Amino acid sequence: MTLNKSPSAIFGERFPYPLDGKRVLLEIAEVFAAEFNQAARLYLSDRVSRDRALGWTDLTVTSAYPTTKQHCPRIVIVRTGSSPRLVGLGAEIETREVVLDDGTARFRVFKGQTVTDTLDIAICALNEQLRDDLYLWFQQYMLDAIGWALPQLPGVYDLRCTNAIDDQVEYQGATGQPGFEFYLARLSYQVQYDQVVLEDVDRLSAIVNWQSCLYANEEI
């Protein structure tokens, strides 16, 4: 598995310590979706007419379940629990200072305090065949990604699937908004990692893209 994108806040030397287990799974899922969409477009361009190819909807990765048919297919990643705890003899916390390579910010890594995030990944599709195929491909991709990513993520100790099921959900719409049905496959993951604390809160801009946060609902 290779990441054909610029280094991120998780996969990169600039800031190798992940702040959040959910971001780790989002990062992997986004790469999976990009590879899936690229392969799908290549197949459509070779095998089907242009009109049918224009009807294809790319697989997206979000943190919200679909509310219309146009939102499928998608991978939804939702945090269902997060439990911090002290570890080690006497629960002593060892701190490690990390300075970004451009010297703009400092961070403290609490080596004696870890967080375990429990996350649900839902694969949503309008037909069960695509749901089943995406489930199988994504599960295999995650098995490969875990072995590839864990050695590169300092402070991450556990990343594993704990459960997987198939399900079917039907949304009933209101007047003028008919309901629709889509198929789900759910996978539960746990991510355990060191808790990272910012030394200077005023330097959040080093890791937070404020423009994308403030204008998330606007075109920029």
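Residues are numbered from 1 along each chain as its sequence is written, and side-chain values use heavy atoms, with hydrogens and water left out. Because the model is predicted, local features need pLDDT of at least 70 and side-chain atom pairs count only at pLDDT 80 or more, while totals for chains, interfaces and linings use all residues.

Side chains of opposite charge can pair when their charged atoms come close. The structure holds five salt bridges (a side-chain nitrogen of Lys or Arg within 4 Å of a carboxyl oxygen of Asp or Glu). One of them joins Asp 20 to Arg 79, with the closest N and O atoms 2.7 Å apart. Asp 20 lies in the segment before helix H1 (21-47) and Arg 79 in strand S2 (residues 74-86), so this pair ties together parts that are 59 residues apart in sequence. Helices (H or I, at least four residues) and strands (E, at least two) are DSSP runs, numbered from the N terminus. Asp 20 is buried at 15% relative accessibility, whereas Arg 79 is partly exposed at 34%. Buried means under 20% relative accessible area, exposed over 50%, and partly exposed in between (1.4 Å probe, protein chains only). Asp 20 and Arg 79 are also linked with Asp 117 in a network of salt bridges.

Another salt bridge pairs Asp 167 with Arg 186, the closest N and O atoms being 2.7 Å apart. Asp 167 belongs to strand S5 (residues 156-171) and Arg 186 to strand S6 (residues 180-198), so the pair ties together parts 19 residues apart in sequence. Asp 167 is partly exposed, at 29%, and Arg 186 is partly exposed, at 23%.

The search for disulfides (cysteine sulfur atoms within 2.5 Å) finds zero in the whole structure. For Cys 124, the nearest cysteine sulfur is that of Cys 72, 5.7 Å away. Cys 124 is buried, with a relative accessible area of 0%.

Thr 60 sits in strand S1 (residues 60-62). Leaving aside neighbours within four places in sequence, Thr 60 is in contact (heavy atoms within 4.5 Å) with His 71, Pro 73, Arg 74 and Ile 75.

Tyr 215 lies in the segment after helix H4 (210-214) and is partly exposed, with a relative accessible area of 39%.
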